[in-house]
Amino acid sequence: MAKLELLYLSRRDIEVVNLGMYQIVQAVEGALREKGEGRVEMPPKPGVHPKADAFIHAMPAFIPQLGSVGVKWVSGFPENHKLGLPYISGLLILNDPDTGLPVAVMDCTWITAMRTGAATAVAAKYLAQRDSQILGILGCGVQGRSNLEALKVAFPGLQYVKAYDIHRANAEKYAQEMSEKLNVEVKVVISSEEAVRDADLVVTAGPISKYPNPVIEDEWFKPGGFACPVDFDSYWKPSVLHGADKFCTDDTDQLFYYRKEGYFQNIPEVYAHLGEIVAGKKRGREDEEERIISMNLGLALEDMAVGIEVYRRAKVQGIGTILPL
Ligand SMILES: NC(=O)c1ccc[n+]([C@@H]2O[C@H](COP(=O)([O-])OP(=O)(O)OC[C@H]3O[C@@H](n4cnc5c(N)ncnc54)[C@H](O)[C@@H]3O)[C@@H](O)[C@H]2O)c1
């Protein structure tokens, strides 16, 4: 009988594999196209909630085209920063699509950060103005970083970032780090309003709240602007969401599932999910004045698209620890 074993990849191992953001954006775009063509299996993610505003989600998906199937078990605990622990943590398991046997277990924090940024970049590629130059980032943490990195891949002309964080020191650190890393000008701003006004692209990445107290006003969001709230509707007043010309999401079923759970109680009708737009079944941006929001909830298929690539490269490079099953 064959030896039953799997490859374990730590966070460090995954960083050593060093899959680039360009490849990650390509992988996420390809997976969304497969979704738009109806060729993936991905039920809405169920969750358990050990603390208020905390979650642990089970996220399974199967992408036949990539031979990738598995599940991510990911938690988000907003108070973790007080313990010096990350907001998001978890594990990703890949299975062999022919036998169902687990072939890999890996840390999912890096993959979650990168694929979420990549999904923003793919959404922006179809829904933002091509010559977007100014980005507003609200929440200068892990997502604030990966979203900027991915947007810079999709919009090489991106020149200027307005960074806002409720903790100014986080924004200062972000500005220094990201301007050096990506060669863009990053200016710390002192209010949410300043970050949003005049921005071509806006990403909000603060904590998710089930019963939010949003602050972003409709008049702050400029004509022609594009926004990706990765923190759901926590930052955006219902008037802005309803005022958008197109309100999109990465997965309509997931959005409805969340609504049943008590989230998203005041959102407009969904124009399209990203898969439909990437697959060419629905139009993306149609004119320069449209204001478009893509409410990206985070999809298991994005994790499986990136996870399989990390796994294959790790095997070729001999990275990771082989464990008996
Ligand atoms: N949609 C998705 O696919 C997806 C995936 C992963 C994470 N997320 C969400 O992204 C958000 C950020 O996650 P992270 O890992 O970057 O967390 P993080 O803790 O690394 O960063 C959060 C940052 O937001 C700042 N912040 C807190 N309240 C704020 C406010 N009111 N205004 C501005 N800044 C504020 C914090 O000081 C911190 O710097 C979380 O809500 C998380 O659940 C979404």
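How many residues does helix H2 have, and how far does helix H2 reach from its first C-alpha to its last? Helix H2, at residues 21-36, has 16 residues and reaches 22 Å between those two atoms, close to the 22 Å expected at 1.5 Å a residue, where the expected span is 1.5 Å times one less than the number of residues. The model is a predicted one, in which local features need pLDDT of at least 70 and side-chain atom pairs count only at pLDDT 80 or more, while totals for chains, interfaces and linings use all residues. Residues are numbered from 1 along each chain as its sequence is written, and side-chain values use heavy atoms, with hydrogens and water left out. Helices (H or I, at least four residues) and strands (E, at least two) are DSSP runs, numbered from the N terminus.

The buried residues of H2 are Met 21, Ile 24, Val 25, Val 28, Glu 29, Ala 31, Leu 32, Glu 34, Lys 35 and Gly 36; here buried means under 20% relative accessible area, exposed means over 50%, and partly exposed lies in between, with a 1.4 Å probe and protein chains only. The cover over these buried residues includes strand S3 (55-63), helix H3 (109-127), helix H4 (142-154), strand S13 (272-273), helix H9 (274-278) and helix H10 (300-317). Lys 35, whose place is in helix H2, counts as buried because its relative accessibility is 13%. Leaving aside neighbours within four places in sequence, Lys 35 is in contact with Val 40, Met 42, Asp 250, Asp 251, His 273, Leu 299 and Leu 301, contact being defined as heavy atoms within 4.5 Å. After H2 comes Gly 38, which has a positive phi, near 75°.

Within helix H3 is found Gly 117, which counts as buried because its relative accessibility is 0%. When neighbours within four places in sequence are set aside, the contacts of Gly 117 are Gln 143, Ser 146, Asn 147 and Ala 150. Gly 117 and Gln 23 are 94 residues apart along the chain, and their C-alpha atoms are separated by 12 Å.

The end C-alpha atoms of H10 are 25 Å apart, which agrees with the 26 Å that its 18 residues should span at 1.5 Å a residue. Ala 300, Leu 301, Glu 302, Asp 303, Met 304, Ala 305, Val 306, Gly 307, Ile 308, Val 310, Tyr 311 and Ala 314 are the buried residues of H10, and just after this helix Gly 318 takes a positive phi of about 65°.

The second largest pocket has a volume of about 190 Å³, and its lining consists of Glu 5, Leu 6, Leu 7, Val 103, Tyr 311, Ala 314, Lys 315, Gly 318, Ile 319, Gly 320 and Ile 322. Strand S1 (5-9) and H10 are the elements that give two or more residues to this lining. By class, the lining residues divide into seven nonpolar, two polar and two charged, with Ala, Val, Leu, Ile, Met, Phe, Trp, Tyr, Cys and Pro counted as nonpolar, Asp, Glu, Lys and Arg as charged, and the others, Gly among them, as polar. A pocket is an open set of points on a 1 Å grid over the protein atoms alone, where a 1.4 Å probe fits, with protein on both sides within 12 Å along at least five of seven lines; lining residues have an atom within 4 Å of a point.

Eight strands form an open sheet with parallel pairing, in the order S9-S8-S7-S10-S11-S14-S12-S13, and two strands pair if DSSP finds at least two bridges between them. The edge strands, each pairing on one side only, are strand S9 (185-188) and S13. Strand S10 (residues 201-204) pairs with S11 in the parallel sense over four bridges, and Thr 204 has Pro 229 of S11 as its bridge partner. Strand S11 (residues 226-229) also pairs in the parallel sense with strand S14 (residues 292-295), over two bridges; in S14, Ile 292 is the bridge partner of Phe 226, and Ile 293 stands opposite Ala 227.

Most residues other than glycine have a negative phi. Asp 198, in the loop between helix H6 (192-196) and S10, has a positive phi near 70° and counts as exposed because its relative accessibility is 53%. Phe 232, in the loop between S11 and helix H7 (238-243), likewise has a positive phi, of about 60°, but counts as buried because its relative accessibility is 4%.

Methods
Points joined across faces, edges and corners; volume = space filled by probe spheres on them.
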